[in-house]
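These are my notebook entries on one chain. I looked up helix packing, aromatic rings and backbone angles.

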Amino acid sequence: MEYLLMTVAIAFATLNSAILKKFNNRTIKNTGDCFFFNGGVSIVWTAVMLIWFFAAGGRSISGGAVLFGLVYGFILCAFLFLKMQSLAEGPVTFTTLIGSAAFIPATVFGIFYASENVSALQIAGIALMLLSVFMCVNPKKSNVSMTLKWIIYCSAFFIAGGVIGMFYKVFGRSDFSSEVNGMMLCASFFSAIFFFCTGIIINKVKNEPMPTLKKASLLWLVTSALAGCVYIRINLSLSAVIPSAIFFPVSNGALVILSTFIGWLVFGEKLNRLQLLGIFVGLISIVLTGIG
């Protein structure tokens, strides 16, 4: 059942990336607008999680879960903003690949923090995934232009993704791990506050107009929010029951492969032979990790 849910989460994560890439910041006029867009995403998350919370029989949220939600809300704020900007600035295939490579620090953290065992095949799988990343995003061999702004956003996106993976493990082993819905409800609420406040402050400092949410962005906002909320909610539960050396490499690696297909099919992104080989190596790494 856990691996079926992982498949569902991967599908929704791929859909989320495709929607954000298709949106491509088309209604964003300044930095504050970007934060307001993500604030709107967090509002949708709050509504979804409120329904999910009561539907699952939730009645109260402990102080510990609220505190975890506050921390996760801040991390989400950084993660969602950086993901959106990275996808807008560069190719969906390589952006997703770099973001998904955040499984490496998350996996290492899980092995040491949760005392999880790792086999030789899993170590080989992780090494091959690193090789896959290098083959796919090597600027000297790429057919796609990679700007300095994209590299900066992607690097920060990678770090944020790794921190989220670590947070999953810490929360999953805490005394409040059974309050997933309550914690994520709080996180959604807090991240909305962070986004809207940051957007207003940034535009005020830069002497730019008050940020706004354009009507033309609402469809993209709602659809990306629903897809993102579903896959992150599922991942929160799965990360506590599936070993790090399996969960992070397999789920993130599969996301890369699906995003590559979407990048080629929908956005016309072309890959050279080295990059295609890199994707194939990534697939082998997933298989080895799963077998291990």
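Is Asn25 buried or exposed? I find Asn25 buried, with a relative accessible area of 16%; buried means under 20% relative accessible area, exposed over 50%, and partly exposed in between (1.4 Å probe, protein chains only).

I note that this is a predicted model, in which local features need pLDDT of at least 70 and side-chain atom pairs count only at pLDDT 80 or more, while totals for chains, interfaces and linings use all residues. Residues are numbered from 1 along each chain as its sequence is written, and side-chain values use heavy atoms, with hydrogens and water left out.

**Entry 1: backbone angles**

I looked up phi for residues other than glycine. Most residues other than glycine have a negative phi. Asn25 has a positive phi of about 55 degrees although it is not a glycine, and I place Asn25 in the loop between α1 and α2. Helices are DSSP runs (H or I, at least four residues), numbered from the N terminus. Asn207 also carries a positive phi, near 55 degrees. Asn207 belongs to the loop between α8 and α9 and is exposed, with a relative accessible area of 71%.

**Entry 2: helix packing**

Two packed helices are described by the angle between their axes and the distance between the axes. Axes here are lines fitted to C-alpha atoms, for helices over the stretch in contact, and angles run from 0 to 180 degrees between N-to-C directions.

I took α3 (residues 63-89) and α7 (residues 148-172): their axes come within 8 Å and cross at roughly 150 degrees. The two helices are therefore roughly antiparallel (angles over 145 degrees). α3 passes α7 in a left-handed crossing, that is, the near helix is turned anticlockwise from the far one by less than a right angle. The contact of α3 with α7 has 20 nonpolar, three polar and three charged residues. In these classes Ala, Val, Leu, Ile, Met, Phe, Trp, Tyr, Cys and Pro count as nonpolar, Asp, Glu, Lys and Arg as charged, and the others, Gly among them, as polar.

I then took α2 and α8 (residues 180-205), which pack at about 160 degrees with their axes 8 Å apart. α2 and α8 are therefore roughly antiparallel, and α2 passes α8 in a left-handed crossing. Their contact has 16 nonpolar, 14 polar and no charged residues.

**Entry 3: aromatic rings**

How many aromatic pairs does a search of the whole structure find? I record 17. Rings of Phe, Tyr and Trp (its six-membered ring) pair if their centres lie within 6.5 Å, and planes under 30 degrees apart count as stacked.

Phe23 and Phe37 are stacked, 4.7 Å centre to centre with 10 degrees between the planes. Phe23 lies in α1 (residues 2-23) and Phe37 in α2 (residues 31-55), so the pair ties together parts 14 residues apart in sequence. Phe23 is buried at 0% relative accessible area, and Phe37 is buried at 1%.

The rings of Tyr72 and Phe167 have centres 4.7 Å apart and planes at 5 degrees, so this pair is stacked. Tyr72 lies in α3 and Phe167 in α7, so the pair ties together parts 95 residues apart in sequence. Tyr72 is buried at 0%, and Phe167 is buried at 7%. Ring pairs link Phe68, Tyr72, Phe167, Tyr168, Phe171 and Phe176 into a cluster.

Conventions:
Angles under 35 degrees count as roughly parallel, over 145 as roughly antiparallel, 65 to 115 as roughly perpendicular and the rest as oblique. Rings of Phe, Tyr and Trp (its six-membered ring) pair if their centres lie within 6.5 Å; planes under 30 degrees apart count as stacked, over 60 as edge-to-face and the rest as tilted.
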